[in-house]
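Open the model in your viewer and keep the sequence panel beside it. The stops below say what to select next and what is there.

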Amino acid sequence: MKKSILTILLAVLIAAPVFASEKNDKELDLKAGYTLDNNVKLYLDDGKKAGSTDKTCVLGAEFYYYVNSQVALGLGVNNFFEAAADYRRKDNYSFTNIYFAVRPKMNLDSEILDSLYFIGQIGYGLFRFSADSSSGMGSVDTENGLYWAMGVGLEIMDYFILEVIHSFNYGYLKVNNNRNDMRYSALTISVGYKFKL
């Protein structure tokens, strides 16, 4: 699965410049983040399990093409590392998301802060789950689902970025052949570096 994700990302990075016509109208952003607030809701036959999870790290990469000076369209991938829930069981959740992104921005009149931008992301989330060994859940399979997010960011000194994003992952757990809904949300702060292409 990891090889498939890397193959898709590399294909996008190679093909996207064909559609660009001006220098510096493309960029590659590499980001590292940390979740400030994580919440999970799991709808099982024996009732809803809801609570927060441990904080976790997030790594991501995005390729953007500017359709004009103020709007960028892009493709990205991020990975939320494993985090344990606190709803009386230590079930573990992690996700890898592949998404389309749009990023409109407003220039700022500052020597340090270049622009303020808004972020919209929508895509597909690869859901991984491991049950607490003491839960007695039996056989557990997962199904992937929708990923979407929105947030704000700052471009700083032309190459650095700072973002706050609220994201949502949806998926399903199959427990003893019963299909159960899952929703995971996270508020993440990220820092990154952009490479102008």
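Helices (H or I, at least four residues) and strands (E, at least two) are DSSP runs, numbered from the N terminus. This is a predicted model, in which local features need pLDDT of at least 70 and side-chain atom pairs count only at pLDDT 80 or more, while totals for chains, interfaces and linings use all residues. Residues are numbered from 1 along each chain as its sequence is written, and side-chain values use heavy atoms, with hydrogens and water left out.

**The whole chain**

Start with a cartoon view. The chain has 1 helix and 10 strands, and from the N terminus on the order is α-β-β-β-β-β-β-β-β-β-β. Of its 197 residues, 43% count as buried; buried means under 20% relative accessible area, exposed over 50%, and partly exposed in between (1.4 Å probe, protein chains only). Switch to a surface: the chain exposes about 10400 Å², and carbon and sulfur atoms supply 61% of it. Accessible areas come from the Shrake-Rupley method with a 1.4 Å probe, and for residues only the protein chains shown count as cover. Contact means heavy atoms within 4.5 Å. Among contacts in the chain with a separation of 6 or more, 63% are between residues 24 or more positions apart.

**The loop between E8 and E9**

Select Met157 and Asp158. Met157 is found in the loop between E8 and E9, and Asp158 lies in the loop between E8 and E9. Phi of Met157 is near 50°, a positive value in a residue other than glycine. For Asp158, also a residue other than glycine, phi is positive and near 75°. Asp158 counts as partly exposed, at 32% relative accessibility.

**Aromatic pairs**

Now show the side chains of Phe, Tyr and Trp. Rings of these residues (for Trp, its six-membered ring) pair if their centres lie within 6.5 Å; planes under 30 degrees apart count as stacked, over 60 as edge-to-face and the rest as tilted. How many aromatic pairs does the structure hold? There are 11 aromatic pairs.

Select Phe95 and Phe127, a stacked pair at 5.3 Å centre to centre with 15° between the planes. Phe95 lies in strand E5 (residues 92-107) and Phe127 in strand E6 (residues 113-130), so the pair ties together parts that are 32 residues apart in sequence.

Move on to Tyr159 and Tyr193, which are stacked at 5.8 Å centre to centre with 10° between the planes. Tyr159 is in the loop between strand E8 (145-156) and strand E9 (160-175), and Tyr193 is in strand E10 (residues 178-196), so this pair ties together parts 34 residues apart in sequence. Tyr159 is partly exposed at 34% relative accessibility, and Tyr193 is partly exposed with a relative accessible area of 32%.

**The cores**

A nonpolar core is a set of buried Ala, Val, Leu, Ile, Met, Phe, Trp, Tyr and Cys residues joined through side-chain atoms within 4.5 Å. In the largest nonpolar core, of 17 residues, Tyr93, Met182 and Tyr184 touch the most other members. Two or more residues of this core come from each of E1, strand E4 (71-84), E5, E6, E9 and E10. Apart from it lies another core, of 11 residues, including Tyr99, Ala101, Ile119 and Ile165.

**Glu27 and the charged stops**

Select Glu27, in strand E1 (residues 26-44). Glu27 is buried, at a relative accessible area of 3%. Its side chain makes a polar contact with the side chain of Tyr66 (3.1 Å). A polar contact is a pair of N or O atoms within 3.5 Å; within protein, one must be able to donate a hydrogen and the other to accept it, and residues adjacent in sequence count only if both atoms are side-chain atoms. Not counting residues up to four places away in sequence, Glu27 touches residues including Tyr64, Arg103 and Glu155.

Arg103 lies over the face of Tyr64, 4.1 Å from the ring centre. A charge sits over a ring if NZ of Lys or CZ of Arg is within 6 Å of the ring centre and within 35 degrees of the ring normal. Select Arg179 next: this residue lies over the face of Tyr172, at 3.6 Å from the ring centre.
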